[in-house]
Amino acid sequence: MYNKLMKCLASVREKTDFVPEIGLILGSGLGEFANEIEIADTISYTEIEGFPVSTVKGHAGRFVFGYVEKTPVVIMQGRVHYYEGYPMQDVVLPTRLMGMMGAKKILLTNAAGGSNENFKPGDLMIITDHITTGVPSPLIGPNVEELGTRFPDMSEVYSKRLQGIIKSCAAELGLTMQEGVYVQFTGPNYETPAEVRLAQTWGGDAVGMSTACEAMAARHMGLEVCGISCITNMAAGISKVELNHKEVQETADRVAKDFKALVAKIVVNM
Ligand code: HPA
């Protein structure tokens, strides 16, 4: 794994010497964010030897390097999901690569179903913690000592400092935030109502198909992590209508303007 990462890093370094301070992995609705920053460089995933190339909607995806005001960032435009069939180690390879490029902090966002019945579609939720029981840990397999320890602590995956910054940025923009625990399932199917009740019993407030694995890989290598879910729909069983990707996309698009403003503000303050 480490050799593969070093090869990917060498591939990136052949094309750019940009050193990001922050890595951004943005979910549904925020893809456009990357086009609105001051772009310094881009690298298509297909140009990086050994890099997992996402199959969603036929978009290969790319790294976008640039500045949000003065802050150097790298954005994954198009993330890799476990449900596409990649081993979990490949799903988190881009996260690790961002860290190896120099990023010290990671901001993750996603679209999620609300399992907390006090939420409503369109809410933004600061991720305070996560549950990944049911998906394999990305840290399974020989430990990459160069990145981190065999048994990493996960008592504060989502930095309390960064959660505070998200709250004050949201307040300045007049945005109300929810807070809660994100439960990662494998997807690509949405959960059953029974699985959503399970998530509720566990203390889960939102359910989704990404993010927690990337957060764990980032913490393993000592990066400071934060995350925000866009609640695009109420989770199965709470929602009285069938779930579909169109509804998810529509809510994500409706919130995108506020969400992008929030992400931009967080980035310059984190
Ligand atoms: N479940 C899982 N992933 C999701 C959902 C959901 O209800 N909505 C958006 N992504």
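Which atom of the ligand is 3.2 Å from a polar backbone atom of alanine 111? In this predicted model, the atom in question is a nitrogen. A ligand nitrogen also lies 3.4 Å from a polar backbone atom of glycine 113.

The shell around the ligand consists of Ala111, Ala112, Gly113, Tyr190, Glu191, Val207, Gly208, Met209, Thr232, Asn233, Leu243 and Val248. By residue class, seven of the shell residues are nonpolar, four are polar and one is charged. Three strands, β5 (105-114), β8 (206-208) and β9 (224-234), each contribute at least two residues to the shell. Of the elements involved, β5 provides the largest share, with three residues.

Valine 80 was also examined. Valine 80 is located in the loop that connects β4 (71-77) to α2 (88-91). The relative accessible area of valine 80 is 2%; because this value is under 20%, the residue is classed as buried. Leaving aside residues up to four places away in sequence, the contacts of valine 80 are Pro52, Tyr86, Val91, Pro94 and Glu214. Between valine 80 and isoleucine 266, the separation is 186 residues in sequence and 23 Å in space, taken from C-alpha to C-alpha.

Notes. Residues numbered from 1 in each chain as written. Predicted model: local features only at pLDDT ≥ 70, side-chain atom pairs only at ≥ 80, totals over all residues. Heavy atoms only, no water. Near = heavy atom within 4 Å. Polar contact = N/O pair within 3.5 Å; in protein donor to acceptor, adjacent residues only side chain to side chain. Helix = DSSP H or I, 4+ residues; strand = E, 2+ residues; numbered from the N terminus. Nonpolar A, V, L, I, M, F, W, Y, C, P; charged D, E, K, R; others polar. Buried < 20%, exposed > 50% of the residue type's maximum accessible area, 1.4 Å probe, protein only. Contact = heavy atoms within 4.5 Å.
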